[in-house]
Amino acid sequence: MFEKGLLAGKRILITGGGSGLGAAMGRRFVELGAELVICGRRLELLEDTAEKLRSDLGGKVSAVQCDIRDGADVDAMMDAIWREAPIDVLINNAAATFIAQTEHLSFRAADAILAPTLHGTMYCTLAAGSRWIEARRKGVVLSILSTSTITGRAFTVPSAMAKSAVLAMTKSLAVEWGPKGIRTVAIAPGAFPTAGASGQLRPEGRDENWASRNPLGRPGEHRELADLASFLISDSAGYINGEMVVQDGGAHLRSSGAEDLLQWTDAQWEKQRAARARS
Ligand SMILES: CCCCC/C=C/C(=O)SCCNC(=O)CCNC(=O)[C@H](O)C(C)(C)COP(=O)(O)OP(=O)(O)OC[C@H]1O[C@@H](n2cnc3c(N)ncnc32)[C@H](O)[C@@H]1OP(=O)(O)O
Ligand SMILES: NC(=O)C1=CN([C@@H]2O[C@H](COP(=O)(O)OP(=O)(O)OC[C@H]3O[C@@H](n4cnc5c(N)ncnc54)[C@H](OP(=O)(O)O)[C@@H]3O)[C@@H](O)[C@H]2O)C=CC1
C-alpha cells in the first residue's frame with residue numbers, strides 16, 4: 001500500500017512498544033524504513049520484541065526500560081536517546097485500564113490508570129517537544145486514544161478521562177506547537193484484540209459476541225492500525241494537525257462498547273472483584 005521508504009530517515013520512539021499495538025506499529029514502521037526505539041517497564045519483553053524485529057527485518061531497533069509515570073525516568077530516557085540521535089516522531093501508546101464499577105475504585109486504583117495514561121503521556125510529550133523546540137527541529141506526536149473520547153465509557157471512567165484529556169492536549173498543541181514545526185495527531189481505535197486489552201477488559205463470560213455486533217462484523221486488524229499510524233506520521237500527512245482519526249468500523253456510532261456491562265448484576269461485579277483479589 002505504501003512506498004517501501006515512506007518512513008526512511010525517521011527515528012521513532014514508541015511508548016509501550018514491546019507488546020500489542022505498540023509492537024505492531026513498530027514492525028510496520030521498520031518495514032517502511034524507520035529507525036525504532038521502544039520503551040516500557042518490562043525490559044526482557046522489550047528486548048525480545050526488538051530482537052525479533054531486527055532478525056525479521058534487519059532494521060535498527062533499540063529497547064529502553066522506562067516507567068513513564070516517573071518524570072525523571074522519562075527525562076533520563078530522552079537524554080539517553082538524544083545522546084545517540086534525536087527522535088523525529090513520538091508515539092504515545094503506553095496506557096493502562098481495567099473494568100470496574102466506579103464507586104468501588106480506590107484513589108490508588110484511579111491513579112493506577114491516570115498516572116501512565118494521562119501524566120505519563122504528558123511527560124513524554126513535554127520531554128520530546130521541549131527538546132525539538134530548543135533545537136528548532138520538526139517533530140510529530142501521535143497519541144493512541146479511544147472512542148471513549150467521543151462517547152464517554154461506563155466502567156472504565158479513569159481511562160475515558162485520561163484519553164479525553166490527551167485529545168485536548170492534541171488539539172491545543174496543534175495550535176501552540178504547529179508554528180514551531182511540530183504536528184500533533186491521534187488515532188481512536190475501536191476493538192483491536194491484544195493480550196493486554198483482553199486481560200483488562202474482557203474477563204471470561206463477558207459478551208462473547210461483541211465482535212459480530214460491529215457494523216463491519218469483525219474487530220480491527222493490527223496491520224490496519226499500523227498502516228494508519230504510518231500514514232499519519234509520514235510527510236504525506238504533513239498538513240494534518242490536531243486531528244483524531246477514528247478507526248473502529250463504525251462501532252461508536254452504534255454503542256460506547258459498555259452496554260453489556262450495564263446488564264451485569266451486583267453478583268457478577270462481586271465475582272469480578274473476587275477474581276481480581278485472587279490473581
Ligand atoms: C473499545 C475498547 C476501548 C478500550 C480503550 C482502552 C484500552 C486500553 O487501554 S488497553 C491497554 C490495556 N493494557 C494495560 O492495562 C497494561 C498496563 N496495565 C497495568 O500496568 C496494570 O495492569 C494496572 C496498572 C492496570 C494494574 O496494575 P496492578 O499491578 O494490578 O495494580 P497495583 O497493584 O499497582 O494496584 C493499584 C491499585 O489499583 C487497584 N486495581 C488494580 N487492578 C484493578 C482492577 N482490575 N479492578 C479494581 N481495582 C484494581 C488495586 O487494587 C490498587 O488499589 P488499592 O487496592 O486501593 O491499593
Ligand atoms: N487493543 C485495543 O482494542 C485498544 C487499545 N487502545 C490503546 O492502544 C494502546 C495499546 O494498547 P494494547 O496494545 O491493546 O495493550 P498493551 O497492554 O499490550 O499495551 C500497553 C503497553 O503500555 C506499556 N505500559 C503500561 N504502563 C506503562 C508505564 N507506566 N510505563 C511505560 N510503559 C507502560 C506496557 O508495557 P509494560 O507493562 O512493560 O510497561 C505495554 O507494552 C493503549 O494506549 C490503549 O489504550 C485503545 C483502544 C482499543
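The mean pLDDT of the protein chain, where pLDDT is the predictor's confidence in each residue from 0 to 100, is 97, and 100% of its residues reach 70 or more. The model scores ipTM 0.98 and pTM 0.97. This is a predicted model, in which local features need pLDDT of at least 70 and side-chain atom pairs count only at pLDDT 80 or more, while totals for chains, interfaces and linings use all residues. Residues are numbered from 1 along each chain as its sequence is written, and chains are lettered from A and ligands numbered from 1 in the order in which they are written.

Helices are DSSP runs (H or I, at least four residues), numbered from the N terminus. The axes of helices H1 and H2, lines fitted to C-alpha atoms over the stretch in contact, with angles from 0 to 180 degrees between N-to-C directions, come within 11 Å and cross at roughly 30°. H1 and H2 are therefore roughly parallel (an angle under 35 degrees) to each other. Residues in contact have C-beta atoms, placed from the backbone, within 7 Å.

| Helix | Residues | Contact residues |
|---|---|---|
| H1 | 20-31 | Ala-23, Gly-26, Arg-27, Val-30, Glu-31 |
| H2 | 43-57 | Thr-49, Leu-53, Leu-57 |

Around ligand 1 there are 18 residues, of which Ala-96, Phe-98, Ser-106, Ala-109 and Gly-196 come nearest; a residue is near if its C-beta atom, placed from the backbone, lies within 6 Å. Helix H4 (107-134) and helix H7 (195-201) each supply at least two residues of this shell.

Technical notes:
Angles under 35 degrees count as roughly parallel, over 145 as roughly antiparallel, 65 to 115 as roughly perpendicular and the rest as oblique. Two residues are in contact if their C-beta atoms, placed from the backbone, lie within 7 Å.
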